[in-house]
Amino acid sequence: MTAPKGQVLLAHGDGGLLTHRLISEVFLPQLGNPVLARLEDAAVLELEGCRLAFTTDSFVVRPLFFPGGDIGRLAVCGTVNDLSMVGARPLYLSAGFLLEEGLDLEVLERVVASMCSAAAEAGVRVVAGDTKVVERGSVDGVFINTAGLGVVPPALRMGPETVRAGDRLLVSGPVGEHALAVVLARGDLEIESTIRSDCAPLNGLVGDIMTQCPGALRFMRDPTRGGLATVACEMAVACGLDFYLLEDGIPLTEEAGALCDLLGLDPLYLANEGKFLAVVDRDQADRVLEICRAHPLGAGAALVGEARSGRGQAYLVTALGGTRRLDLPAGAQFPRIC
Amino acid sequence: MEADRPLWERFRDPGIARALVARVRVRVARELGGHVSLMEVCGTHTVAISRSGIRAALRDAVTLVSGPGCPVCVTSPEDVDAMVALAESGLTVLTFGDMMRVPGSSTSLEAVRARGGRVRLAYSPMDAVSYAASHPDEQVVFLAVGFETTAPGVALAVAQARELPLANFSIYPAHKLIPPALRALLDQEVGVQGFLLPGHVSTVIGRRALAFLAEEYRLPAVIAGFEPVDILMAIDRITHMLVRGEAEVVNAYPRAVREEGNTLAQRAMWSCFAPADAAWRGLGPIPGSGLGLRDGWEDLDACRRYGVWAQPAGAMRTGCRCGDVLRGLLLPPRCPLFARVCTPAAPQGPCMVSSEGACAAYYRYERGDGDDGPQGAGAAGPR
Ligand code: SF4
């Protein structure tokens with residue numbers, strides 16, 4: 001293994017190739033253990049006969065408020081969703097606040113009120129917290145760290161090792177809206193749009209699938225940073241199977257599609273905050289799709305491809321019938337200059 | 001019903017696209033000796049051609065080579081070095097995203113930022129002006145990169161800065177003009193039989209400004225939009241002209257491009273810019289191919305203000321062959337470094353950095369169809 005050289009770049013934090021390098025070259029060699037090495041959205045821990053899911057995440061977003069959400073809602077939903085992705089029922093959160101000296105208290109109150117209503121929506125409680133105030137310029141307004149705890153049903157078997165060739169891939173709704181909403185809310189592009197972040201807690205939807213179609217979900221991830229393409233790549237590697245996604249089948253709203261064309265962004269690599277990509281048992285896939293579509297957060301769900309035996313790579317089948325490999329992104333996407 | 005569908009949907013209709021692919025293939029095989037080489041002169045086309053699978057679908061019949069159509073890629077290493085020098089001298093430098101990672105002769109803006117330099121992303125030139133207005137204690141330089149499409153916006157921002165007035169705003173002018181580059185390219189040797197012309201640039205300069213390709217060089221060329229069907233229709237039209245021995249510059253993007261272009265944008269551009277000599281990566285110096293600030297506007301030129309000028313840069317030590325890629329002489333996968341030493345995570349040249357660069361487009365969308373790829377790619381895919 002080559003030791004990493006140089007400095008931390010912003011690109012080390014965008015969920016792509018450089019983030020993976022940090023994890024595999026800096027964190028795992030020293031902190032690694034069998035649980036961490038699974039690199040799942042949440043760790044599943046056996047504790048005195050009980051299965052707990054445990055996760056943590058930090059939230060930095062500019063601007064703090066954007067159409068469809070804000071940093072507080074994001075902090076709750078992000079952690080609830082990480083727990084939901086391993087099949088856990090989310091119960092408790094902690095919240096750590098890093099506040100910039102000079103921040104308006106009114107802003108902080110709005111953020112906390114929003115966390116409160118998101119927590120109620122998800123049915124979780126914030127049971128521990130911490131506050132630090134740092135000098136002006138050290139952080140951008142508010143940063144929030146959350147940890148989450150949930151319980152995993154004792155009999156649940158979910159994870160990459162349960163995926164079989166032939167299983168279907170399901171996306172719970174149209175992609176890319178969160179990233180577009182945030183980019184547009186910065187106001188740098190002077191584009192009017194009605195696009196809203198999809199930021200939402202997914203535990204209700206996942207719970208519906210697990211109760212109505214037990215055993216159908218094999219493995220799932222939420223495509224946040226790096227988008228659908230990135231999680232598809234990561235999941236394919238974890239399963240050791242090839243994932244084929246059909247470009248035509250991936251849900252995308254007309255407005256999001258038009259904005260991506262205009263800005264030169266690839267919607268497959270844009271962040272989502274209220275969607276999942278799931279590997280579903282092939283025979284129960286249609287039933288799971290029905291259940292999703294009956295839930296408001298899964299109304300736009302679609303079956304988008306399948307897992308096949310292979311070497312752990314993700315592919316996209318284009319509308320013209322060609323097949324191309326999907327990759328982890330190297331660095332953030334920027335609107336085009338041309 | 002065809003007419004009920006939104007227009008843009010028809011421009012990406014896979015059925016129409018496949019029919020066009022088939023027609024072009026048959027025409028090239030029967031009437032054009034089995035092979036045609038065309039050049040696309042726009043980074044957005046390059047990406048669209050790779051991403052939609054058009055290049056793969058036409059393989060063996062039509063080779064689409066990428067020309068100097070990515071504004072980041074054609075920015076010379078000398079210019080990047082000067083931009084880095086500005087950032088290292090304590091000024092605040094604002095730039096479009098893709099410029100961040102482009103290597104100069106020794107380092108990039110991204111690395112300067114990681115060492116504490118003030119390098120910030122701008123999404124538009126006006127952004128840079130508002131940043132300067134709200135940070136009066138910083139000296140702000142906007143790196144003005146881009147073709148005729150971006151220059152009018154920069155001109156408006158420059159005018160705004162003067163009107164406010166802002167004493168702490170200037171630009172590093174590195175704009176490039178497409179027609180002189182095409183002439184320079186054609187005066188050297190290029191083995192292409194026709195051009196796919198850029199939709200965005202043409203929106204500003206108009207069809208007329210590109211008519212010389214047919215009138216002087218006898219080459220067929222089509223101005224095209226960016227949907228797969230747009231691009232395939234243009235290729236269809238060029239091959240049709242080749243069969244008939246015709247040479248014309250056709251505007252196949254009339255929903256955006258006019259004969260004279262956008263005269264308002266042109267007027268804005270010429271209000272503060274004048275043609276200047278510019279150095280292109282790959283093509284070298286080309287007279288009159290860039291934009292400099294006009295007499296009376298020089299005080300907004302960061303080079304003069306801070307005495308930082310582009311210095312001749314040594315040859316790229318890395319062995320990067322972007323220069324050949326930008327002239328259409330080398331297809332990215334043939335570069336010995338492609339996908340081995342040079343990847344988007346460790347780019348050796350701008351063509352691998354920029355999201356509009358040819359090497360990045362090949363890497364991202366067209367790698368892995370060989371022994372590296374899925375068994376039976378193409379026919380594959382769940383139904
Ligand atoms: S593959 Fe890399 S090294 Fe080769 S020409 Fe492209 S950018 Fe340069």
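User: In which loop of chain B is the place of B:Arg218?

Analyst: This is a predicted model, in which local features need pLDDT of at least 70, side-chain atom pairs count only at pLDDT 80 or more, and totals for chains, interfaces and linings use all residues, while side-chain values use heavy atoms, with hydrogens and water left out. Residues are numbered from 1 along each chain as its sequence is written, and chains are lettered from A and ligands numbered from 1 in the order in which they are written. Elements are DSSP runs numbered from the N terminus, either helices (H or I, at least four residues) or strands (E, at least two). On that numbering, B:Arg218 sits in the loop between α11 (212-215) and β8 (221-223) of chain B.

User: What is phi of B:Arg218?

Analyst: B:Arg218 belongs to the loop between α11 and β8 of chain B. Its phi is positive although the residue is other than glycine, with a value near 55°.

User: What is omega of the peptide bond from A:Arg62 to A:Pro63?

Analyst: A:Pro63 lies in the loop between β2 (50-59) and β3 (65-66) of chain A. The bond that joins A:Arg62 to A:Pro63 is cis, with omega near 0°.

User: What is omega of the peptide bond from B:Leu164 to B:Pro165?

Analyst: In chain B, B:Pro165 is found in the loop between α8 (151-163) and β6 (169-175). The peptide bond from B:Leu164 to this proline is cis, and its omega is near -15°.

User: Is α2(B) roughly parallel or oblique to α12(B)?

Analyst: Helix α2 (residues 14-31) and helix α12 (residues 228-244) of chain B pack with their axes 10 Å apart and at an angle of about 20°. Axes are lines fitted to C-alpha atoms, for helices over the stretch in contact, and angles run from 0 to 180 degrees between N-to-C directions. Angles under 35 degrees count as roughly parallel, over 145 as roughly antiparallel, 65 to 115 as roughly perpendicular and the rest as oblique. The angle therefore makes α2(B), relative to α12(B), roughly parallel.

User: How many nonpolar residues does the contact of α2(B) with α12(B) have?

Analyst: Contact means heavy atoms within 4.5 Å, and among the residues that meet are B:Leu20, B:Val24 and B:Glu31 in α2(B) with B:Leu232, B:Asp236 and B:His240 in α12(B). Ala, Val, Leu, Ile, Met, Phe, Trp, Tyr, Cys and Pro count as nonpolar, Asp, Glu, Lys and Arg as charged, and the others, Gly among them, as polar. By these classes the contact has two polar and four charged residues, and the nonpolar ones number 11.

User: Is α5(A) oblique or roughly parallel to α8(A)?

Analyst: The axes of helix α5 (residues 177-185) and helix α8 (residues 254-263) of chain A come within 11 Å and cross at roughly 60°. That angle is why α5(A), relative to α8(A), is oblique.

User: Is the crossing of α3(A) and α4(A) left-handed or right-handed?

Analyst: Helix α3 (residues 71-84) and helix α4 (residues 105-122) of chain A have axes that come within 7 Å and cross at roughly 30°, so α3(A) is roughly parallel to α4(A). A crossing is left-handed if the near helix is turned anticlockwise from the far one by less than a right angle, and right-handed if clockwise. For α3(A) and α4(A), the crossing is right-handed.

User: What is the volume of the largest cavity?

Analyst: A cavity is a set of points on a 1 Å grid over the protein atoms alone where a 1.4 Å probe fits but cannot get out, and its lining residues have an atom within 4 Å of a point. Grid points are joined across faces, edges and corners, and a volume is the space filled by probe spheres set on the points. A search of the whole structure finds two cavities of 30 Å³ or more, and the volume of the largest is about 90 Å³.

User: Which residues are closest to the centre of the largest cavity?

Analyst: The lining divides into 10 nonpolar, two polar and one charged residues. Of these 13 lining residues, the closest to the centre are B:Cys320, B:Arg321, B:Cys335, B:Cys342 and B:Cys359.

Notes
1 Å grid on protein atoms, 1.4 Å probe; cavity = no way out; pocket = protein on both sides within 12 Å on 5 of 7 lines; lining within 4 Å.
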